[in-house]
Amino acid sequence: MSSASPAPSESSASSAASASSAQPAARTAVQPDGTGGDARTQVRLRHELTADPARLTCALLLAVAATGGTLALPLLVRRIITDFSAHRALGTDVALMCVVAVCGALAQAVAGMLLARIGERMTYRLRTRIMEHALRLPLPVVRAQGTGELTARITSDALLLREVVDVATQLPLAGLTVVATLFVMVWIDWVLTLVTVLALAVLSVLVLLILRRMKVNVGAQQDAVGRVAQRFTASLEALATVKAYRAEPVAAAALAGDADRLRAIALQGGRLSTLVPAVLTLGNQFAMISVILTGGARLASGDLEVAAFAAFLLYLLQTVPSVSTLATGFGRLQGGLAARDRCNDLLALPLEAGPHDADRPVPVPVPGAPAVEFRSVSCTHSGSDHPALRDVSFTTAPTGLTAVVGPSGAGKSTALALIDRFVQPDAGSIRVLGHDSRVWPLEALRARIAYVDQAFTLLEATARENLQLGRTRPASDDELAAALAAVGLTEDVARLPYGLDTVLGRASDLSGGQRQRMALARALLSDAGIVLLDEPTSQLDGLNEQRFRAVVDTLALTRAVIVVAHRLSTVQHARHVVMMSQGTVVDAGEHDTLLSRCLPYRELVASQALPVR
Ligand SMILES: Nc1ncnc2c1ncn2[C@@H]1O[C@H](COP(=O)(O)OP(=O)(O)OP(=O)(O)O)[C@@H](O)[C@H]1O
């Protein structure tokens, strides 16, 4: 068989393809061929927070103004006490105090609204980036991650990350408040300030020790949330089977096990987080007792005035919420950082197509070249210890019907998945329209191929949108009607509540056979020159199977149609039959030729009670 390397005449992209084909074969089978994990795709909190600098600056300035107002209040109290003792008028002092209090509250409210907007925009950007990245991951990677796990990144992880916005602005302000308060306290009485600082230092060390453990715990909690979401999603997807086998208790017990593990981890986290306010209260009480004892002694010795002591106590009371904000804020920040790490783990997974894949030149199909050609292809699915395909070679004509047949597990679906580059070969090459499939930019390759999978998947979208998936230009109503008529779906679609504009899935779902025919109509409407059909007749009745044959024959007049079929009656008229078994091609040729020379094919035909001669 010829080499896996593309011909020298092919574009520079081919050298990249050759390079990738030269990689060690072991686990490259279903590894992505794109690059990923680009530092630019990672969530960088500072970058995210400063994405709207004008709004952030406004919010910070307003928050600083609100903090300034709070800081000024005890000084005004001191002035009122002094004026009160001196029997001076208090009108101006009280008015000033009211103005400072109202302006401070207003500034705080507006700053909060601006921060909410910044936070929600950041979460929106993050969610859309994660969802788009997940959609562009290689299929085997998505399967390995699990849909529930991936969903948890845009739900609970995104919410934890959202908190970082509030915290990231609260922390510097709380720090500023504490430092500024300490400066004023030093100005009032440095001895009392020293006592306060010593108490706060002991408190900080204890809180930091707790926070370090909290970050680890939040990471573990998010992983556990992901596992519960994953198992729950999988159970709901298999709900009919679960119900049919009365497996609700088994499924519920497994879910309860996961939920219990989550509970245990969350309980540890809960204990750690309740320790923080307890330590804070204790520390503040020690600071207060020390200050009152020292202040009392200094009052008695005449080193401190009553008004100054009252102001000092007010400042001390004011530092309590700021210190508390610092401690709980650092706790929430740990949660946000753990969520960021989980999001970055996902964003680091390499995409199917590299960043410059779309910039590569699109090859021009070679006139007369086979639509698809397998050259000594081997492929092992990730997680499997045996190859699904071994040294497979076959060719399909530019137009006409090719049937891929063989017993279950022979590797037929894997062969189709390789053509669409859902998985990568360990060795060998697949050529599409005369070029190594890796030379094609992924989008351009898939635009040439219509694929009907075994599940006849429909998106949760209208029937019209489902039919037009992958089309470069919208289909006219006449084209849609013709495609529906060809697969015998005209009346079924007319019966839907809103006809073609009915959203499929959920309430308005279709039967298995109807879905199958919708998927076939979609292939019919596509602009693709190669049509891959995986088990397209498994749920069709006799009449619809006949219709299917007619549709496929029409398609095969102008396109290359490759059909994986168990029911040989639907493909025995194929111009070309590829007989596979245990990951290899046993024989290939016309139906009659194979009948005469290929025993496994004869046995397959005989097993379906079809005439062998
Ligand atoms: N996602 C996967 N992960 C691991 N192994 C897989 C995966 N998909 C298929 N395989 C294995 O690869 C081999 C070929 O499977 P494939 O689905 O290609 O066979 P098939 O001929 O299409 O079978 P069937 O007619 O039953 O659909 C089988 O041994 C199967 O267990």
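User: How do strands β9 and β10 pair, parallel or antiparallel, and over how many bridges?
Analyst: In this predicted model, β9 (residues 576–581) and β10 (residues 584–589) pair in the antiparallel sense over five bridges. Strands (E, at least two residues) and helices (H or I, at least four) are DSSP runs numbered from the N terminus, and two strands pair if DSSP finds at least two bridges between them.

User: Which residue of β10 is the bridge partner of V577?
Analyst: The partner of V577 is G589. The two strands form a hairpin with two residues between them, and Q582 in the turn has a positive phi of about 45°.

User: What conventions apply to numbering and confidence?
Analyst: Residues are numbered from 1 along each chain as its sequence is written. The model is predicted: local features need pLDDT of at least 70, side-chain atom pairs count only at pLDDT 80 or more, and totals for chains, interfaces and linings use all residues.

User: Turning to the open sheet, what is its strand order?
Analyst: The order of the four strands is β2-β1-β4-β5, with antiparallel pairing. The edge strands, each pairing on one side only, are β2 (389–396) and β5 (435–436). Helix α11 (residues 412–419) packs on this sheet and touches β1 (372–379), β2 and β4; contact requires C-beta atoms, placed from the backbone, within 7 Å. The direction of α11 makes about 115° with that of β1, where axes are lines fitted to C-alpha atoms, for helices over the stretch in contact, and angles run from 0 to 180 degrees between N-to-C directions.

User: And β4 with β5, over how many bridges?
Analyst: Strand β4 (residues 427–432) and β5 pair over two bridges in the antiparallel sense. R431 stands opposite D436 in β5.

User: Are the residues of β6 buried or exposed?
Analyst: On β6 (residues 449–452), I449 and Y451 on one side and A450 and V452 on the other are all buried, meaning 20 or more other C-beta atoms, placed from the backbone, within 10 Å of a residue's own. Four bridges join β6 to the parallel strand β7 (residues 530–534), and A450 has V531 as its bridge partner there.

User: Which residues are around the ligand?
Analyst: Among them are H381, S384, G409, K412 and T414, the criterion being a C-beta atom, placed from the backbone, within 6 Å of the molecule.

User: What does UniProt place at residues 59–335?
Analyst: The unreviewed entry places "domain: ABC transmembrane type-1" there; such annotations may be inferred rather than shown by experiment. In the model, that span is 93% helix and 0% strand, with its end C-alpha atoms 23 Å apart.

Technical notes. A residue is buried if 20 or more other C-beta atoms lie within 10 Å of its own, exposed if 12 or fewer, and partly exposed in between; C-beta atoms are placed from the backbone. Two residues are in contact if their C-beta atoms, placed from the backbone, lie within 7 Å.
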